[in-house]
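Have the structure open and follow along.

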Amino acid sequence: MPQIESPIFTPVQIGPVTLRNRVIRSAAFENMAYGNKPSQDLKDYHVAVARGGVGMTTLAYASVNQSGLSFNGQLWMREEIVPALKDITDAIHAEGAKASIQLGHCGNMTHKATCGCTPVGPSGGFNLYSPTFVRGLREDEIEAMVEDFGHAVNLAREAGFDCVEIHAGHGYLISQFLSPYTNHRKDKFGGSLENRMRFMQMVIRKVLGEARDDMGVIVKMNMHDGFKGGMQQEECLEVARELERLGVHAIVLSAGFVSKAPMEVMRGAMPLRTLSYYMDRRKYWWLKALVRMGGHVMIPTVPYKDAYFLEDAKVFREAVKLPLIYVGGMVSRSSMEEVLDAGFDALQMARALVNDTDFINKIHNGEIERSECRHSNYCIGRMYSLEMKCNHCTGELPPCLRKEIDKAEKRW
């Protein structure tokens, strides 16, 4: 069968790294790093995605230190896991793809039971997301956090990663410093946008220094936070311009704030019955009840459509010259080509590759034009308690969940 000719399947350069095509598996949290270290499940999934034809696959949401952990199934970057990570990157490379790892810190979106300390952020207060009291970082702790980002980059190099992706969006620590919603500091790290960008600048300079000339440096950032009182497009454009000035190799353009506007990130509805069903009844009985009673208010639906960030992203394409990576609603060949034709250098996707790790090869071979993902978001509801998996890959589901999924799939 002749392969389809398309700009999707042309090489692209990200700093010193050349990808065989324009498709990157985005850093969507897998929840497969049981005990905060790599697992066979994590390896098998990313190797399957690499074999399935992507240019690069990204291991998600690796914390640069213990205080940045928000899940027990999340990677924690430390020397002891480097050999297992190297085993994963070697296997990804053997399939012809590149390997990236997303580095970040959850900031105030965790709990002492998970991260081992009182959660920290730019400012103190009470976080309803956990829920827990949080405290603001001291200046010396901010400097130590920057060092932790640099150390994580060096560990990523030892582990064989080609790129690092720094998470500066979605309401995690760097995003918390950037956003006036979470940053109420009165010192040089708070107030004006210039001050709120200071922590990001320190991290990026450190990361670029440690990445040297042999690793790609990508930054995921918000185009807006998704709610009044958060970062709006005008300030986010200034953040993008500053990242370009600092010399990052590419930016991933996203939006949303997990603790305030979570479905702005992913679109569609959160499957609340699925979310509560998989929670530990003994540990989270109160949270299960809260989700069932008020989840639709806490996590409002944001309508889904293909390429849902494209119009916002075009504004950023006009504002900066560095490579831009599009993410959001990439489930068909036509929408992928539309994004590339609009001047974006590469694109990221996750749900289509959770549904079918061979999705890109099937597009390339002309077998399909569109993913079978129907945006029920079952994978997202499940992800908070178990490994991320598509409802089509889980076997028989309880009738109550099947009813919720069927209704969502018909809606979108």
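## How H8 and H12 cross

Helix H8 covers residues 233-246 and helix H12 covers residues 310-319, and the two pack at about 45° with axes 10 Å apart. Those axes are lines fitted to C-alpha atoms, for helices over the stretch in contact, and angles run from 0 to 180 degrees between N-to-C directions. Helices (H or I, at least four residues) and strands (E, at least two) are DSSP runs, numbered from the N terminus. The crossing of H8 and H12 is right-handed; that is the name when the near helix is turned clockwise from the far one by less than a right angle, with anticlockwise being left-handed.

Who does the touching? On the H8 side you'll find Gln233, Cys236, Leu237, Ala240 and Arg241, meeting Asp312, Val315, Phe316 and Ala319 of H12. Contact here means heavy atoms within 4.5 Å. Sorted by class, these contact residues of H8 and H12 come out as six nonpolar, one polar and two charged. For the classes, Ala, Val, Leu, Ile, Met, Phe, Trp, Tyr, Cys and Pro count as nonpolar, Asp, Glu, Lys and Arg as charged, and the others, Gly among them, as polar.

A quick note on the ground rules: this is a predicted model, where local features need pLDDT of at least 70 and side-chain atom pairs count only at pLDDT 80 or more, while totals for chains, interfaces and linings use all residues. Residues are numbered from 1 along each chain as its sequence is written, and side-chain values use heavy atoms, leaving out hydrogens and water.

## H8 has another partner, H7

H8 also packs with H7, at an angle of about 30° and with axes 10 Å apart. H7 and H8 are therefore roughly parallel to each other. Their crossing is right-handed. From H7, the contact uses Met200, Gln201, Ile204, Arg205 and Leu208, and from H8 it uses Val239, Glu242, Leu243, Arg245 and Leu246. By class, the contact of H7 with H8 holds six nonpolar, one polar and three charged residues.

Now look at Phe199, which is in helix H7 (residues 198-211). Is Phe199 buried or exposed? Phe199 is buried, because its relative accessible area is 0%; buried means under 20%, exposed over 50%, and partly exposed in between (1.4 Å probe, protein chains only).

Leaving out residues up to four places away in sequence, Phe199 touches Ile142, Met145, Val146, Phe149, Leu173, Ile174, Phe177 and Phe189. Ile174 is 25 residues away from Phe199 along the chain, and their C-alpha atoms are separated by 7.0 Å.

## Rings meeting rings

A search of the whole structure turns up 16 aromatic pairs. Rings of Phe, Tyr and Trp (its six-membered ring) pair if their centres lie within 6.5 Å; planes under 30 degrees apart count as stacked, over 60 as edge-to-face and the rest as tilted. One of the pairs is Phe177 with Phe189, edge-to-face at 6.3 Å centre to centre and 75° between the planes. Phe177 lies in helix H5 (residues 173-178) and Phe189 in the loop between H5 and helix H6 (193-196), 12 residues apart, and the pair links distant parts of the chain. Both Phe177 and Phe189 are buried.

Tyr326 and Phe344 form an edge-to-face pair too, with 6.1 Å between centres and 65° between planes. Here Tyr326 belongs to strand E12 (residues 324-327), while Phe344 is in the loop between helix H13 (333-341) and strand E13 (346-349), 18 residues apart. Tyr326 is buried at a relative accessible area of 0%, and Phe344 is buried at 3%. Elsewhere, ring pairs link Phe29, Tyr61, Phe71, Tyr172 and Tyr384 into a cluster.

## Positive phi angles

Most residues other than glycine have a negative phi. Tyr61, though not a glycine, has a positive phi of about 55°. Tyr61 is in strand E4 (residues 56-63) and is buried, with a relative accessible area of 6%.

Asn31 is not a glycine either, and its phi is positive at about 55°. You'll find Asn31 in the loop between strand E3 (23-25) and helix H1 (40-51), buried at a relative accessible area of 7%.

Conventions:
Angles under 35 degrees count as roughly parallel, over 145 as roughly antiparallel, 65 to 115 as roughly perpendicular and the rest as oblique.
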